[in-house]
Amino acid sequence: MPGRYKYLFIFLLLITALVWITVLTYPKQNLRLIACDVGQGDSILAIYGKTQILIDGGPDKSILDCLSQYLPFWDRELEVVVNTHPQKDHYMGLIEVFKTYGVDSFVATPLDSSSKEYGVLKELVGSKGIRVINPQSGQRLRIGLIYLDILHPSQEFLATNLPRFSEGSRENVLGGYTSKKDPNDFSVVTILRFGEFDALLTGDISQEISDVIAEQLMVSASRTIDYLKVPHHGSKNGLTQKLLDASNPEVAVISSRKNNSYGHPHEETLKLLRDKGTKLLRTDEMGDVGVESDGKKVWVK
């Protein structure tokens with residue numbers, strides 16, 4: 001084969017391979033929720049077509065492995081990143097995410113953290129000019145065909161527990177206020193909606209806030225919850241019977257490290273889910289946990 005034809009043949013092979021790689025990695029037209037195995041922490045990736053939403057980033061840069069596995073190699077943009085609350089097992093990995101990916105909007109409460117690492121995250125967000133959204137109950141955020149309905153925190157909760165925060169404030173600042181209250185109770189709680197599929201994402205809320213969320217669900221019981229992110233890694237201080245009954249999920253997901261020092265998930269929480277007959281999926285047993293929906297049916301992947 002003459003030299004020029006040989007190089008042309010190799011070039012065509014490379015183009016063909018690139019086309020097939022693109023086809024095989026092109027996003028599916030179902031919604032995918034992946035609870036990334038980030039060890040003792042939380043990180044959930046929602047993908048629909050070219051739209052990606054990341055809720056929390058886990059305790060370290062292992063979140064990048066999850067993103068590179070499930071996102072197309074050519075897509076380096078996340079439409080929305082949510083940090084439920086400023087504790088390291090939820091935000092540390094986001095530092096690497098913001099360094100590596102473009103982000104359109106960052107959803108986070110105005111609660112600050114005294115850690116230097118959170119300061120690094122704040123500087124990154126500010127230097128890149130990323131839009132910050134402080135969510136409050138009653139808000140609905142639309143990202144393509146995905147909706148995030150915010151259930152917590154409320155304006156009243158923020159005004160009560162953040163000194164200098166005035167009820168009705170819409171400053172949209174990152175880490176603008178401090179509080180003596182447990183940061184877990186500031187967790188952003190949202191229902192991720194896609195068609196008729198609803199996923200309740202709960203951060204690390206306590207039993208007190210769990211019951212508040214349960215009351216909201218009982219008032220607006222027009223839809224059922226298909227997917228529950230069990231609060232606080234399955235701690236006994238998170239999920240309540242009231243929240244479990246009000247949500248009545250088809251699938252519950254717990255994110256925790258195998259043989260972690262906290263004893264997560266706790267046997268009391270596991271018993272609640274077993275007695276309810278809820279299908280339980282755990283990152284400490286399965287690694288990444290994938291759930292898929294066409295907006296009506298739900299599949300475990």
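1. Glu292 stands opposite Trp299 of strand E15. The two strands concerned, E14 (residues 289-293) and E15, pair in the antiparallel sense over three bridges; two strands are taken to pair if DSSP finds at least two bridges between them. Helices (H or I, at least four residues) and strands (E, at least two) are DSSP runs, numbered from the N terminus.

2. Some conventions apply throughout. This is a predicted model, in which local features need pLDDT of at least 70 and side-chain atom pairs count only at pLDDT 80 or more, while totals for chains, interfaces and linings use all residues. Residues are numbered from 1 along each chain as its sequence is written, and side-chain values use heavy atoms, with hydrogens and water left out.

3. E14 and E15 belong to an open sheet of eight strands, ordered E6-E5-E4-E3-E2-E1-E14-E15, with mixed pairing. Strand E6 (131-133) and strand E15 (298-300) stand at the edges with a single partner strand each, so one side of each has no neighbour in the sheet. On average, neighbouring strands of this sheet are turned by 20° against each other, direction ignored. Axes are lines fitted to C-alpha atoms, for helices over the stretch in contact, and angles run from 0 to 180 degrees between N-to-C directions.

4. Helix H3 lies across strand E3 (51-55), strand E4 (77-83) and strand E5 (102-108), and runs at about 160° to E4. Contact here means heavy atoms within 4.5 Å.

5. H3 (residues 88-100) also packs against helix H2 (residues 63-70), at an angle of about 45° and with the axes 9 Å apart. H2 is therefore oblique to H3; angles under 35 degrees count as roughly parallel, over 145 as roughly antiparallel, 65 to 115 as roughly perpendicular and the rest as oblique. Ile63, Leu64 and Leu67 of H2 make the contact with Gly93, Glu96, Val97 and Thr100 of H3. By class, the residues of this contact are four nonpolar, two polar and one charged. Ala, Val, Leu, Ile, Met, Phe, Trp, Tyr, Cys and Pro count as nonpolar, Asp, Glu, Lys and Arg as charged, and the others, Gly among them, as polar.

6. A further open sheet has seven strands in the order E7-E8-E9-E10-E11-E12-E13, again with mixed pairing. Its edge strands are E7 (140-143) and E13 (279-282), each pairing on one side only. The twist averages 20° from one strand to the next. Within this sheet, E8 (residues 146-152) and E9 (residues 189-194) pair in the antiparallel sense over five bridges, and Tyr147 has Arg193 in E9 as its bridge partner. Helix H6 (residues 207-219) lies across E8, E9 and strand E10 (197-201), running at about 120° to E8.

7. A cis peptide bond joins His152 and Pro153, with omega about 5°; Pro153 lies in the loop between E8 and helix H5 (155-161). Another cis peptide bond joins His264 and Pro265, with omega about -5°, and Pro265 is placed in the loop between strand E12 (251-254) and helix H8 (267-276). Arg164, a residue other than glycine, has a positive phi near 80° and sits in the loop between H5 and E9.

8. A search of the whole structure finds two cavities of 30 Å³ or more. On a 1 Å grid over the protein atoms alone, a cavity is a set of points where a 1.4 Å probe fits but cannot get out, and lining residues have an atom within 4 Å of a point. Grid points are joined across faces, edges and corners, and a volume is the space filled by probe spheres set on the points. The largest cavity has a volume of about 50 Å³. Its lining includes Asp42, Asp56, Leu201 and Lys229, and by class comprises three nonpolar, four polar and three charged residues.

Notes
On a 1 Å grid over the protein atoms alone, a cavity is a set of points where a 1.4 Å probe fits but cannot get out, and a pocket is an open set with protein on both sides within 12 Å along at least five of seven lines; lining residues have an atom within 4 Å of a point.
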